[in-house]
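Please read these notes with the model open beside you.

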Amino acid sequence: MNKSLEIPVVDPFFYIDAETRIMLNYFETMSHKNPINILVTGKQGSGKSSLVRQFAAVYQRPMATFQVGILSEPGQLFGEHALVDGATHYRPFLFPQALQTPGCVIHLEEINRPEHPKALNMLFSVLADDRSVWIDEMGLIKVAKGVVIFATMNEGEEFVGTEMLDPALRDRFYTILMDYIPADVEIEVLVQKTGVDRERVREIVNIVNKIRGHSETPLDVSTRTSLMIAEMVAAGASIREAITYSLQMDREQLEAILLALHLEKGLLDDRKTCKYILFTGELDL
Ligand SMILES: Nc1ncnc2c1ncn2[C@@H]1O[C@H](COP(=O)(O)OP(=O)(O)O)[C@@H](O)[C@H]1O
Ligand SMILES: [Mg+2]
């Protein structure tokens, strides 16, 4: 069970704004003196999980991630009763181990959406200043020195009101708000991460930004999605194909948007005719 927690590898192409970078450095310094919790909010695909991983990687800390979104009861993260040779034993999970690993970065994903509100109860005590929690089966668990607890949550206009975090919980966190990276940085990320040439990446980002800013149907296209588009182009797809298959969007609507954007003819012309072929073997090009 005691598999040791790994230090993530640094993503060489991860960008954040300078101010946030400086704050993270304060948090790192503070964490060696006092317990610290950091809440990262922002839209989906804006780099929240990457930021937590990068923090662990840069500061050479072991890391473990836990999905709060699927929790339905308080003790669920800690362990379970299992039947071994007819007798029940308590089997601790990774969470108590991570809590007791000095300097560990603990990432709680989707902290605003547990299936059952009570599921957060035991987390409250872990996040509190005394940093300990009582588990009947394990006794008092004390959080190790230097442990940093990150929580991430998707937060956008569409979440306000329904998915807000309990103020008592939010109160225990420093907060970082992640925004989608600006176009010039996004171009850099796509070029470096996918190897697609700069000119085509520019075109992708240009189209994506037009879709984002489209007056009638503005669509949140995340950094994750533009990366998906560029990855597809890197694999040989046309920009049109890549966009069509990466956006969760009605084809006709996309068509209308692309047309309305007066995109260069070449881009609109590479549409394949709708011919059906067997999908039973290798693709013969
Ligand atoms: N600022 C950034 N710099 C480089 N890559 C980024 C950045 N933001 C997001 N990405 C990339 O986009 C993808 C989605 O990011 P992720 O951290 O999973 O988003 P979130 O957790 O907010 O949904 C990842 O592949 C990540 O590497
Ligand atoms: Mg995430």
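1. A pocket, on a 1 Å grid over the protein atoms alone, is an open set of points where a 1.4 Å probe fits, with protein on both sides within 12 Å along at least five of seven lines; a cavity is a set from which the probe cannot get out, and lining residues have an atom within 4 Å of a point. Grid points are joined across faces, edges and corners, and the volume is the space filled by probe spheres set on the points. The second largest pocket has a volume of about 600 Å³. Its lining has 30 residues, and Gly45, Ser46, Gly47, Lys48 and Ser50 are the closest to its centre.

2. This is a predicted model, in which local features need pLDDT of at least 70 and side-chain atom pairs pLDDT 80 or more, while totals for chains, interfaces and linings use all residues. Residues are numbered from 1 along each chain as its sequence is written, chains are lettered from A and ligands numbered from 1 in the order in which they are written, and side-chain values use heavy atoms, with hydrogens and water left out.

3. Helices (H or I, at least four residues) and strands (E, at least two) are DSSP runs, numbered from the N terminus. At least two lining residues of the second largest pocket come from each of helix H2 (48-58), strand E8, strand E9 (174-178), helix H6 (183-194) and helix H8 (223-234). H2 gives the largest share, four residues. By type, the lining has 13 nonpolar, nine polar and eight charged residues. Here Ala, Val, Leu, Ile, Met, Phe, Trp, Tyr, Cys and Pro count as nonpolar, Asp, Glu, Lys and Arg as charged, and the others, Gly among them, as polar.

4. Is strand E5 (residues 105-109) largely enclosed or open? Five of its five residues are buried, so E5 is largely enclosed by the rest of the structure. Buried means under 20% relative accessible area, exposed over 50%, and partly exposed in between (1.4 Å probe, protein chains only). Val105, His107 and Glu109 point one way from E5, and Ile106 and Leu108 point the other way.

5. E5 pairs with two strands, a pair needing at least two DSSP bridges. Strand E2 (residues 63-67) runs parallel to E5 and is joined to it by five bridges; Met63 has Val105 as its bridge partner. Strand E8 (residues 148-154) also pairs with E5 in the parallel sense over five bridges, and there His107 is partnered by Phe150.

6. Rings of Phe, Tyr and Trp (its six-membered ring) pair if their centres lie within 6.5 Å; planes under 30 degrees apart count as stacked, over 60 as edge-to-face and the rest as tilted. The count is five aromatic pairs. Phe55 and Phe150 form an edge-to-face pair, 5.1 Å centre to centre with 65° between the planes. Phe55 lies in H2 and Phe150 in E8, so the pair ties together parts that are 95 residues apart in sequence. Both Phe55 and Phe150 are buried. Ring pairs link Phe55, Tyr59 and Phe150 into a cluster.

7. Gln60 is not a glycine, although its phi is positive, about 55°. Gln60 sits in the loop between H2 and E2 and is exposed, with a relative accessible area of 52%. Asp85 also has a positive phi, near 50°.
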